[in-house]
Amino acid sequence: MAQAKINQLKSGDGDNKFLRSMSMADRSGRLLETLDELELRVEALREAAASMEQEKETLLELIQSVQISQDMRNISDGEREELNLTANRLIGRTLTVVVSVQTIRSAQQEEFLSRATALIDEEVDKLLQDVASAKSRLVALYNACSSEAVQGPVNQKFQSIIVGCSLEDQKKIKTRLQKLIRNVCSADRSIALLDQKAAQTGNYNHLQQNVCNRNTGDGK
């Protein structure tokens, strides 16, 4: 009888352990489901932050495109100075918005990214001085980002830097250069249209002057 009692107790302990084990498995499953749901929210947060980061860069580039536009060149110095002050104020306010989606990088990748960013920023600063040559240099930087053979100039120094950046950073850099080139091309088109109008006006004024000369007897 005593032995039967002991065997019964041992059997009961085994059942309890099995029940506890099942309970732990259920808890683990629920926790895993919770973490899976949180992971989706984390990724959504990163995507939203990345979108805001991109919007910030777009705004900065649009403001700079206004500063280098041909319209800014065809106004008085006083008006241009006032508008540049407004543009610089907007740039300053935009820069106060700090949104960052950090990419996991090695120390070497951080260094390459810093060097690549510095080169692009340098070209952006030169846009106001000479749009045409700055555009050519930006195209050379953009071509350096391509993994395939391209037609046109390639900045070899920048190419050696860009390959050291992370893949995510390479995509961001290429997108930024693409937008900069698009803005510069828009500015070039505005300049060309205005130059054509100026040439047409000049020809009209020249013809008008000849008519006036003939009417006054000065023409031969």
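**Note on an all-helix predicted model**

1. In helix 5, the buried residues are V131, A134, L138, A140, L141, N143 and A144, where buried means under 20% relative accessible area, exposed over 50% and partly exposed in between (1.4 Å probe, protein chains only). Helix 5 takes in residues 131-144, which makes 14 residues, and from its first C-alpha to its last it reaches 20 Å, close to the 20 Å expected at 1.5 Å a residue; the expected span is 1.5 Å times one less than the number of residues.

2. The model is predicted, so that local features need pLDDT of at least 70 and side-chain atom pairs pLDDT 80 or more, whereas totals for chains, interfaces and linings use all residues. Residues are numbered from 1 along each chain as its sequence is written, and side-chain values use heavy atoms, with hydrogens and water left out.

3. The chain has seven helices and zero strands, these being DSSP runs numbered from the N terminus (helices H or I, at least four residues; strands E, at least two). Of its 220 residues, 23% count as buried. Among contacts (heavy atoms within 4.5 Å) between residues at least 6 apart in sequence, 68% join residues at least 24 apart.

4. N143 belongs to helix 5 and counts as buried because its relative accessibility is 9%. Leaving aside residues up to four places away in sequence, N143 touches V150, Q151, G152, P153 and V154.

5. S166 lies in the loop between helix 6 (156-162) and helix 7, and it is classed as buried because its relative accessible area is 7%. With residues up to four places away in sequence again not counted, S166 touches T103, R105 and Q109.

6. How many disulfides does a search of the whole structure find? The search finds zero, a disulfide being a pair of cysteine sulfur atoms within 2.5 Å. C145 is in no disulfide, and the nearest cysteine sulfur, that of C165, is 8.7 Å away.

7. The largest pocket holds about 770 Å³ of space. On a 1 Å grid over the protein atoms alone, a pocket is an open set of points with protein on both sides within 12 Å along at least five of seven lines, a cavity is a set where a 1.4 Å probe fits but cannot get out, and lining residues have an atom within 4 Å of a point. The largest pocket is lined by 25 residues, and E53, E57, T117, D121 and R176 lie nearest its centre. Two or more lining residues come from each of helix 1 (2-67), helix 3 (77-95), helix 4 (107-126) and helix 7 (167-216).

8. Across the whole structure, the search finds one cavity of 30 Å³ or more, and the volume of the largest cavity is about 30 Å³, meaning the space filled by probe spheres set on points joined across faces, edges and corners. Which residues line the largest cavity? The lining consists of E61, Q64, S65, I68, L127, L180, N183 and V184, and the elements giving two or more residues to this cavity lining are helix 1 and helix 7.
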